[in-house]
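Hello,

Here is the structure we spoke about. My notes on it follow below.

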Amino acid sequence: MAVTTDILQAWRSPRTVLRRHLTRGTSEPFAFSLLAAFLVLAFVALWPFLSRQSVMQPEVPMLQRLVAGGLALLASIPLWYGVAAISHLVSKLFGGQGSYYAARIALFAALLAVTPAMLFQGLVAGMIGPGRQLDLVGWIVVLAFLWIWLSMLTEAERHT
């Protein structure tokens, strides 16, 4: 199924999306592809904000900002794997029966699912800049991510 369909369905029924991913069997390349797609879209979401910064502070060129943002996102890869592992360990304390792989799929799919909201947040950051509107959109992104991720993680820990 197309990733765009998964993204739309994850907003309505995140557990169904996770179950479908887990029935594919264990595939680390698939798990990493979800994370890579998230990182690419997160990078694109940064562009409007970085462009605004480049206009406001022209002494730092746009290309330099883009390279720094891209490298920062690439450096976050181990962090995401660590968050997935910790979430699985915490879930085990509460009786979770899933696997590390299922926790990774839950986190990476949730990150990918929230990217449309992140793209909107990037537009708000670039067009309007800091303020209440950006704070509101930021909170919406965080709450949406937490809802999707925790729903998927709950399903991942039920899946044996």
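Arginine 19 is partly exposed, with a relative accessibility of 37%. (Buried means under 20% relative accessible area, exposed over 50%, partly exposed in between; 1.4 Å probe, protein chains only.) Arginine 19 forms a salt bridge with glutamate 155, with the closest N and O atoms 3.3 Å apart. (A salt bridge is a side-chain nitrogen of Lys or Arg within 4 Å of a carboxyl oxygen of Asp or Glu.) Glutamate 155 lies in helix α8 and arginine 19 in helix α2, 136 residues apart. (Helices are DSSP runs of H or I with at least four residues, strands are runs of E with at least two, and both are numbered from the N terminus.)

Before going on, note that this is a predicted model: local features need pLDDT of at least 70, side-chain atom pairs count only at pLDDT 80 or more, and totals for chains, interfaces and linings use all residues. Residues are numbered from 1 along each chain as its sequence is written, and side-chain values use heavy atoms, with hydrogens and water left out.

Salt bridges

The structure holds four salt bridges. Glutamate 155 also meets arginine 15, at 3.9 Å from N to O. That pair spans 140 residues, again from helix α8 to helix α2. Glutamate 155 is buried, at 11% relative accessibility. Arginine 15 is partly exposed, at 28%. Another bridge joins arginine 104 and glutamate 28, at 2.4 Å from N to O. Arginine 104 is buried at 15% relative accessible area, whereas glutamate 28 is partly exposed at 31%. Shared partners join Arg15, Arg19 and Glu155 into one network.

Aromatic pairs

How many aromatic pairs does a search of the whole structure find? Four. (Rings of Phe, Tyr and Trp, the last by its six-membered ring, pair if their centres lie within 6.5 Å; planes under 30 degrees apart count as stacked, over 60 as edge-to-face and the rest as tilted.) One of them is phenylalanine 38 with tryptophan 80: the centres are 5.8 Å apart and the planes at 90°, so the pair is edge-to-face. Phenylalanine 38 sits in helix α3 (residues 28-56) and tryptophan 80 in helix α5 (residues 77-93), so the pair ties together parts 42 residues apart in sequence. Both residues are buried. Phenylalanine 43 and tryptophan 47 are also edge-to-face, at 5.7 Å centre to centre and 85° between the planes. These two are four residues apart in helix α3, about one helical turn. Phenylalanine 43 is partly exposed at 21%, and so is tryptophan 47 at 39%.

Helix packing

The axes of helix α1 (residues 3-12) and helix α8 (residues 132-158) come within 9 Å and cross at roughly 90°. (Axes are lines fitted to C-alpha atoms, for helices over the stretch in contact, and angles run from 0 to 180 degrees between N-to-C directions.) That makes α1 roughly perpendicular to α8. (Angles under 35 degrees count as roughly parallel, over 145 as roughly antiparallel, 65 to 115 as roughly perpendicular and the rest as oblique.) Ala10, Trp11 and Arg12 of α1 make the contact with Ala144, Trp147, Ile148 and Met152 of α8. (Contact means heavy atoms within 4.5 Å.)

α3 and helix α7 (residues 115-127) pack at about 10°, with axes 7 Å apart. They are therefore roughly parallel.

Best wishes
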